[in-house]
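Hi,

Here is the structure I promised to pass on. Have a look first, and my notes on the aromatic rings follow below.

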Amino acid sequence: MISDIENLKDEIKKTVITDKESLEAFRLRFLSRKGKLQSMFGNMQNVPKKDRSRVGKAMNEVKELAETKFNTQKKALQNKKKTRFKATDDLTLPVSPEYAGSLHPLTQTENEMKNIFLRLGFDVADGPEIEDDFHNFTSLNFPPDHPARDMQDTFFIRKSDKKEVQDLVMRTHTSPVQIRLMKDQPPPIRSVIPGRVYRNEAVTAKSYFQFNQMEGLYVDHKVTMGELIETLVMFARLMYGSDVKYRVRPSFFPFTEPSIEMDVWWESDSDGQWLEILGAGMVDPNVFEACGLDPETYTGYAFGMGVDRIAMLRYGINDIRILYENDIRFLDQFTG
Ligand code: PHE
């Protein structure tokens with residue numbers, strides 16, 4: 001009996017398990033109800049009483065051996081399935097592409113505009129999105145009763161602590177950063193200022209309560225209107241191609257005198273129209289004075305461009321709202 005047990009032990013050790021099939025064969029042969037271990041346990045009643053505990057112990061050892069082998073091999077086979085490569089795999093094949101994020105079309109457009117102005121000798125500045133009345137309106141020469149201060153256009157914020165109540169605004173344009181730059185540093189100043197602005201407007205396909213602008217400011221001695229127009233034409237050529245069709249019209253802003261606007265001709269499906277892309281002008285003497293600069297000493301120009309409009313033209317987007325919804329199906333199209 002003991003030698004039978006030893007033989008079974010050897011047999012178990014020598015049985016090779018390589019796959020699911022041989023694992024199952026092992027289980028049937030040794031561990032199942034009709035297997036060799038079970039039948040050996042069935043022979044126990046033939047063992048003389050005095051030998052029973054010795055034989056029983058040996059049989060339990062064999063059983064344990066078989067169970068351990070079965071369980072370890074089963075685990076090993078499961079892990080094998082999880083490995084990524086088989087010996088027969090072609091390791092030179094390209095891996096399947098993982099999902100890559102992309103820059104938002106507004107960011108891509110803003111980056112391109114920034115790069116053009118960096119080439120033209122501007123640096124990049126920024127300023128706060130929450131402003132006070134002085135920076136957003138008064139210093140920019142808005143008369144006290146100017147309609148732009150009206151509740152219709154501006155989001156007002158009331159900030160109060162125990163000592164005082166302060167009326168703030170969500171900036172309605174990037175022009176207040178002009179004031180901050182002129183108060184912060186002596187000319188020459190030659191900066192562009194990209195940023196988000198807010199207006200209390202009804203949301204439609206064409207207007208949104210927030211959008212993006214890029215302000216430009218150049219202040220030095222003897223800056224001329226000719227230089228302003230030359231810079232804007234240069235921008236239009238670099239942004240839209242050297243054959244871009246543009247026009248410059250007189251306009252009005254409280255903080256520039258004289259003021260202009262620039263349109264580019266936009267052609268779509270044999271149809272075309274003039275689209276306004278920016279407002280600009282020579283810095284008004286009152287603005288210099290609000291910043292403590294002598295208007296007899298300094299001259300300058302400023303411009304403000306709509307980044308959303310420029311992005312919509314570039315990508316053929318006809319609803320501004322889609323730029324702010326973060327719909328992955330839309331954003332996915334701007335990778336690379
Ligand atoms: N701030 C103006 C606007 O939001 C644009 C502008 C900027 C015009 C600078 C002239 C000079 O419409």
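Phe209 is partly exposed, with a relative accessible area of 31%. Bear in mind as you read on that this is a predicted model. Tyr208 and Phe209 make a stacked aromatic pair, with 4.6 Å from centre to centre and 25° between the planes.

How many aromatic pairs does the structure hold? The count comes to 16. Another one to look up is Phe117 with Phe303, which is also stacked: the centres are 5.2 Å apart and the planes 25°. Here the partners come from separate parts of the chain: Phe117 belongs to helix 5 (residues 105-119) and Phe303 to strand 10 (residues 299-306), so this pair ties together parts that are 186 residues apart in sequence. Both Phe117 and Phe303 are buried.

Ring pairs join Phe117 and Phe303 with Phe122, Tyr218, Phe235 and Tyr301 in a cluster.

Which rings does it sit over? One is Phe122, where the charged end of Arg190 is 4.9 Å from the ring centre. Another is Tyr218: Arg190 lies over the face of that ring, at 4.3 Å from its centre.

Cheers

Methods: Residues are numbered from 1 along each chain as its sequence is written. This is a predicted model: local features need pLDDT of at least 70, side-chain atom pairs count only at pLDDT 80 or more; totals for chains, interfaces and linings use all residues. Side-chain values use heavy atoms; hydrogens and water are left out. Rings of Phe, Tyr and Trp (its six-membered ring) pair if their centres lie within 6.5 Å; planes under 30 degrees apart count as stacked, over 60 as edge-to-face and the rest as tilted. Helices (H or I, at least four residues) and strands (E, at least two) are DSSP runs, numbered from the N terminus. Buried means under 20% relative accessible area, exposed over 50%, partly exposed in between (1.4 Å probe, protein chains only). A charge sits over a ring if NZ of Lys or CZ of Arg is within 6 Å of the ring centre and within 35 degrees of the ring normal.
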